[in-house]
Amino acid sequence: MECNRNIAEFLDGKSILVTGSTGYLAKIFVEKVLRIQPQVKMIYLLLRANDTVAATRRLETQVLGADLFKLLRETHGETFNSFISSKVSPIRGNISLENLGIDNSGLREQLFNELDVIINSAANTKFDERYDVALGTNTFGAKNIVEFAKKCVKLGMLLHVSTAFVAGEKAGVIPERPFCMGEALNIGTSTLDPYAELKLMEIKLKQLQDKGVTEERKTIAMKELGLQRAAYFGWPNTYVFTKAMGEMLMGHLRDSVPLVIVRPSIVTSTYLEPFPGWIENTRTIDSLLVAYALGKLKCFIADPTAIVDVIPGDMVVNAIIRLSAAHFCKSSVHIYHMCSSMRNPPNYFKLRDWFYQYFSKHPHIGNDGKPIKVRMGSLMTSMASFNKYMNLHYKLPLEVFSIINRATCRLFSYQYNRLNKKYNYAMRAASLYKPYVFFKGRFDDSNSEWLRVGSSDDSERLLYYRIQDINWEYYFMSVHIPGVVKYLVK
């Protein structure tokens, strides 16, 4: 394992294809590579678009337009645009389609002959996404990536970004090991066949179409199907279920393609580079943080001792680059957990305190120009206590409103519908997040630690990855929460 290889030298002259190009980690990856190795040959970004012009527009607005690139812009000054055009090429495509939806045969052949590295960071991360959509991206998108990689004559690395939570709701130490084809988490269920799942989904979708149901009802049915199939085989939601099947297909079909699967836990804002605190899109804990900042979150549901397994986005990308170099041109499969639960775990009790401490000192300003006051917030340590809370504060008032509405010709229907919407949303969210706020597992990261220990001092400086050194209180209070406030709280 070439851990001491000069990483910048490794990237020199390489052609890299990145999928999920408008996503959080992909942007950090592109920025980092361009910053540490301007002699990279080309970074091809796969983008969903109607045509090349639209793909270029997405590159400019949704990738390069991010604050993340401000350091690179300052470094290159007036030559920034010419530098980017010589190093970054947008490609119209879609990983849900054969050949990644690249319909230009000349461009396909060029990529087959030129690519050295493929980074697949494309994913649909909604816990309850439509089953057809999630299968298309997370499962068969992964298959399409492998099939494309096998046609690349000089490819030395296919790195796939998955999630640590493909482990389901396991307790104890969770090893860094690949899934076997057909493996299910529920003991006693039938063999898990991704192709059978695809067929089942297609049959269900056709039945809905034949019945002429509305698009809204079709979406509801597809979402429920995904959650049902995930639960049947032992996974808590559609996202991690379809990601697990994607891993299976990649391992099964790769032949001799060198494959590294990176499984980060909850990815948070940048720790150091290109500057601390940059983030895009709300993630698991950030949804809670935003709601709390706006005064909408009155209680927390969590085991106070449960681990909040988080990892900053720039550390994940640093590991991705190091792994690409370490396993380049080695025909094998390697799994890496990028997590904090084994070496330096924060917990939900501390997280609640940090939220309160920060927003007590730095309250968010509401639309009325006044600071939003927050309180510590009740901590519900079980679903039973949460249900009791919801019954008292929502279900009982709903029943009262229902009785009054019947007696007053629905005079209070607006209030009833508004409260009912809040109740249903809260119950749905609690059901989806339950597996994570009561999670009892710890992700073994022996492979990741071995990579770090075996790295040279130069690599450690260039691509910092030391989970055990993070002071979580400082990170949340001075980096992550201010970053979320700046970029996500509206």
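Residues count as buried when their relative accessible area is under 20%, as exposed when it is over 50%, and as partly exposed in between (1.4 Å probe, protein chains only). By this criterion C339 is buried, because its relative accessibility is 2%. C299, at 10% relative accessibility, also counts as buried. A search of the whole structure for disulfides, defined as pairs of cysteine sulfur atoms within 2.5 Å, finds 0.

The structure is a predicted model, in which local features need pLDDT of at least 70 and side-chain atom pairs count only at pLDDT 80 or more, while totals for chains, interfaces and linings use all residues. Residues are numbered from 1 along each chain as its sequence is written, and side-chain values use heavy atoms, with hydrogens and water left out.

A nonpolar core is taken as a set of buried Ala, Val, Leu, Ile, Met, Phe, Trp, Tyr and Cys residues joined through side-chain atoms within 4.5 Å. The largest such core has 165 residues, and the members that touch the most others are F29, I118, F148, L158 and W235. Contact here means heavy atoms within 4.5 Å. With residues up to four places away in sequence not counted, F29 touches I16, V18, I119, V317, I320 and I321.

Helices (H or I, at least four residues) and strands (E, at least two) are DSSP runs, numbered from the N terminus. Strand β2 spans residues 42–47 and includes Y44. Y44 is buried, since its relative accessibility is 4%. Outside the four places on either side in sequence, the contacts of Y44 are S15, I16, L17, V18, S89, I91, Q110, L111, E114 and L115. Between Y44 and A244, which are 200 residues apart along the chain, the C-alpha separation is 26 Å.

Helix α8 (residues 194–211) and helix α10 (residues 238–253) have axes that come within 10 Å and cross at roughly 130°. α8 is therefore oblique to α10. Axes are lines fitted to C-alpha atoms, for helices over the stretch in contact, and angles run from 0 to 180 degrees between N-to-C directions. Angles under 35 degrees count as roughly parallel, over 145 as roughly antiparallel, 65 to 115 as roughly perpendicular and the rest as oblique. On the α8 side the contact is made by P194, Y195 and E197, and on the α10 side by F241, M245, L249 and L253. These residues comprise 6 nonpolar, no polar and 1 charged, where Ala, Val, Leu, Ile, Met, Phe, Trp, Tyr, Cys and Pro count as nonpolar, Asp, Glu, Lys and Arg as charged, and the others, Gly among them, as polar.

Helix α7 (residues 131–149) contains T139. T139 has 0% relative accessibility and so counts as buried. Apart from neighbours within four places in sequence, T139 is in contact with A134, P194, T242, M245, G246 and L249. E129 lies in the loop between β4 (117–120) and α7. E129 is buried as well, with a relative accessible area of 9%. Its contacts, leaving aside neighbours within four places in sequence, are N124, A134, M222, K223 and T238.

Most residues other than glycine have a negative phi, and most peptide bonds are trans. N99, which is not a glycine, has a positive phi of about 55°, and L100, also not a glycine, has a positive phi of about 60°. N99 counts as buried at 18% relative accessibility, and L100 is buried with a relative accessible area of 0%. The peptide bond from E273 to P274 is cis, with omega near -10°. P274 is found in the loop between β8 (266–268) and α11 (284–293).

P274 is among the contacts of L68, which touches K27, I28, E31, P274, F275 and W278 when residues up to four places away in sequence are not counted. L68 is in the loop between α3 (52–63) and α4 (70–76) and is buried, with a relative accessible area of 0%. E31 is 54 Å from E399, C-alpha to C-alpha, and the two are 368 residues apart in sequence. E399 is in helix α14 (residues 383–407) and counts as partly exposed at 44% relative accessibility.
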